[in-house]
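Keep the picture open while you read.

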Amino acid sequence: MPAIHALPDQLINQIAAGEVIERPAAALKELLENSIDAGATEIDIALARGGVKLIRVADNGGGIEREDLQLAVARHATSKLATASDLEGIATLGFRGEALASIASVARVSLTSRSRDKAHAWRIEVDAGEVGMPQPAALASGTTVTVNELFFNTPARRKFLRTDATEYGHCEEAFRRIALAQPDVAFTFQHNGSVRFRLLAQGRRARVDALLGSEFAAQAAHVDEHGAGLSIAGWAVRPAHATTARDAQYFFVNGRFVRDRILAHALREAYRDVLHQDRQPAYALWLAIEARQVDVNVHPTKTEVRFRESGAIHQFVRRAIQKSLADTAAEQPAVSAAEKLGVAAARIPPWTSPTGAQRSFAPLVEQTTIGLGAGEPSTF
Ligand code: ADP
Ligand code: MG
């Protein structure tokens, strides 16, 4: 057995990257979270080749001081957390201080930032973990992060990347989740030079219409319930319009997309008696809860949460959805009669994306590749 030795930082960061930066979409998610944490109201995203060749995120947030630029790409360096008790009530999307270090260890990164009231911007370049000195740069405001050639120095990880179209699909979904979670932020989103989304700051309804198609909310029950220290709002599909697809299940907790068993189960329970067996509930729901009631420090990707009082949350969510579905059924006798006969579901096409394509990754894959990756199951 070789002697035990401490690993070099670059290798430590690459190991962390294995967990946090699984594919371009994960890097995009982390960069967008940083922009939102920085208070950005406008975020411009440009991708090339599914994000493998290029991910660029430009925001108008608070920026980073020259003397902090190198720290920003260092591991375990964060401005969002100082003490263990901060960890008990995280109000930002990030807090682990490892995303930029991880990304920079497996790509060529440039970080340009102009903090408020500064005469100009500063830039650092990081090449596979090698951090350069800050250089003066031009930038109107905020921060621009450019990630080139993701995984260029980790061939094993690069091999696991799918086709550009598949990686693009994952990026689009990561974008959709964040843009839904943060409707008051304006976004543009480009891939290979063509604009895919241009979203003004808007309310939730307009954002849902833009990203999930206008049929989605129109065919859903409106949810808006308040409890002690928590609230839930959004849309849950009316049973007659539910399809067999699982792809429109968006749950946001305090502005963060989460996958949570308790919440998913509460939804299933709420729909249990009204949904045909093979139909899936579709929903876009925003839960707001005191930060201290939910632990987001569960997994490096921060999409899992633990509720302090999971039983109470389950009950609150289930009842809120049941009530909204019952209210809508009462308001809309015609639909509810049709629901009973099961004819509405057959007549009304599943809701579609703004481009008119049915929302799943399959069409994206088919557009640019033939066969490759088309049969691949969505991994999230
Ligand atoms: P975390 O978000 O967990 O703090 P990151 O590695 O993602 O860790 O970012 C490290 C630090 O760099 C952040 O805490 C923040 O201070 C700074 N930073 C990163 N991106 C931006 C940005 N777009 N605007 C302003 N500051 C940023
Ligand atoms: Mg972060």
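## A threonine in a strand

Start with Thr-112, which is found in strand E3 (residues 108-114); helices (H or I, at least four residues) and strands (E, at least two) are DSSP runs, numbered from the N terminus. Is Thr-112 buried or exposed? Thr-112 counts as buried because its relative accessibility is 4%, and buried means under 20% relative accessible area, exposed over 50%, partly exposed in between (1.4 Å probe, protein chains only).

Skipping neighbours within four places in sequence, Thr-112 is in contact with residues including Ala-121, Trp-122 and Leu-139; contact means heavy atoms within 4.5 Å.

## How the model was handled

This is a predicted model: local features need pLDDT of at least 70, side-chain atom pairs count only at pLDDT 80 or more, and totals for chains, interfaces and linings use all residues. Residues are numbered from 1 along each chain as its sequence is written, chains are lettered from A and ligands numbered from 1 in the order written, and side-chain values use heavy atoms, leaving out hydrogens and water.

Leaving aside neighbours within four places in sequence, Phe-251 touches Ile-232, Tyr-283 and Val-317, among others.
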